[in-house]
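Visitor: I'd like to go through this one piece by piece. Can you start with the terms and then take my questions?

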Amino acid sequence: MMAINQVSKRFGRRQVLKNISLRLEAGVYGLLGPNGAGKTTLLRCMVGLIHPDQGQVLYQGVPIEKSKVFYQEMGYLPQTYGMFRELTLYEMMAYVGSLKGIPRQQLAGEIERVLEAVNLADRAGDRVKALSVGMIRRAGIAQALLGSPRLLLFDEPTAGLDPAERTRFKNLVNTIKQGRAILLSTHLVEDVDACCDRVIILDRGQVLFQGSCEELRRLAEGKVYQVDAENAQDIAGPHFTVRITEVAGRVQHRVVTRQPQRLPAVAPTLEDAYMGLIHGLC
Ligand SMILES: Nc1ncnc2c1ncn2[C@@H]1O[C@H](COP(=O)(O)OP(=O)(O)OP(=O)(O)O)[C@@H](O)[C@H]1O
């Protein structure tokens, strides 16, 4: 559906994207990477807000700037969404819907549908500026859903959402994913685990990994150990502590390391593998 071919982007002297090539077909993709990895810049290139210095972004085989259907068939949630603050939520949706070319007679029903999907139907008459941060995020998600786009690009969709609304969002993605390409840029590995089929990991402007969640998890097979805090200094070789928890009154360190240890390895999670990869240990 979408192809990114050898895309590079530089801001001043900083090379932010380096020769990125990706394909998006129907399915849910999680885009993970540390702060500053280039995730937002990549999404902005994918929607045509930034022009790459090199490479091309194609939708259905056509460069997006020449495509006649790209902006009708694409929904985008930017990293910060807080526009049209003086409009009511309904007016804001009507404005975005008309820009997307949704026929006037379908607009009211479509707005009701997307506001219900993000649990904001009862706030349609409120001014955007009167909504909470999490509600504005959900309004941003709703406007991306207008017109049922085949391609949905969400930049940190669950940032600022409470646990119930985060769950609602993940359920929504699982409900609508059939026949659509959905990309979620996020810092939450658990969100990727809950609703993504494939993972793309970006680090310092380069694709470090692309594949299924299971393929990522397998990279950490035999490399994750759970040890009592007092034995953590006995871990041999370079390692990274993924988390420190208390289990039944005992503080435990969960570490990822390439070097085999004298104790049995535990089953890796997606987060173990992500952390291991980012720290050069997987
Ligand atoms: N308009 C710009 N001008 C100059 N530098 C920029 C611009 N936009 C982004 N950058 C730089 O590009 C790099 C990548 O930023 P980007 O926002 O794409 O990363 P990110 O992976 O989305 O980070 P985060 O997880 O913190 O949101 C950073 O070093 C950032 O400072």
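Guide: A term first: a residue is buried if 20 or more other C-beta atoms lie within 10 Å of its own, exposed if 12 or fewer, and partly exposed in between, with C-beta atoms placed from the backbone. The model is predicted, so local features need pLDDT of at least 70 and side-chain atom pairs count only at pLDDT 80 or more, while totals for chains, interfaces and linings use all residues. Residues are numbered from 1 along each chain as its sequence is written.

Visitor: Is A37 buried or exposed?

Guide: A37 counts as buried, because it has 22 C-beta neighbours inside 10 Å. A37 lies in the loop between β3 and α1; helices (H or I, at least four residues) and strands (E, at least two) are DSSP runs, numbered from the N terminus.

Visitor: What is A37 in contact with, leaving aside neighbours within four places in sequence?

Guide: L202, D203 and R204. Contact here is two C-beta atoms, placed from the backbone, within 7 Å.

Visitor: And how far is A37 from A164?

Guide: Their C-alpha atoms are separated by 29 Å, and the two residues are 127 apart along the chain.

Visitor: Ligand next. Which residues are around it?

Guide: F11, R14, V16, G33, N35, G36, A37, G38, K39, T40 and T41. A residue is near a molecule or strand if its C-beta atom, placed from the backbone, lies within 6 Å of it.

Visitor: Which elements supply at least two residues of that shell?

Guide: β2 (14-24) and α1 (39-46). The largest share, three residues, comes from α1.

Visitor: How does the shell divide by class?

Guide: Three nonpolar, six polar and two charged. Ala, Val, Leu, Ile, Met, Phe, Trp, Tyr, Cys and Pro count as nonpolar, Asp, Glu, Lys and Arg as charged, and the others, Gly among them, as polar.

Visitor: Back to α1. How many of its residues are buried?

Guide: Seven of the eight, so α1 is largely enclosed by the rest of the structure. The buried ones are K39, T41, L42, L43, R44, C45 and M46. G48 follows α1 and has a positive phi, near 85 degrees.

Visitor: Why is β3 called largely enclosed?

Guide: Because five of the six residues of strand β3 (residues 27-32) are buried.

Visitor: Which strands does β3 pair with?

Guide: β3 pairs in the parallel sense with strand β8 (residues 181-185) over five bridges, and with β9, also in the parallel sense, over four bridges. Strands pair if DSSP finds at least two bridges between them. G30 has L184 as its bridge partner in β8, and L32 has I201 in β9.

Visitor: New topic. How is the chain divided?

Guide: Into domain 1 (2-212) and domain 2 (219-278), with bounds from an automatic or database domain assignment. Taken over C-alpha atoms, the domain centres are 34 Å apart.

Visitor: How many residues does each domain give to the contact?

Guide: Nine from domain 1 and five from domain 2. On the domain 1 side, α7 (189-195), β9 (198-203) and β10 (206-212) each give two or more residues.

Visitor: What does UniProt list for residues 2-229?

Guide: The unreviewed entry lists "domain: ABC transporter" there. UniProt positions are given in the numbering used here, feature names are shortened, and annotations may be inferred rather than shown by experiment. Over residues 2-229 the chain is 34% helix and 29% strand, with its end C-alpha atoms 47 Å apart.
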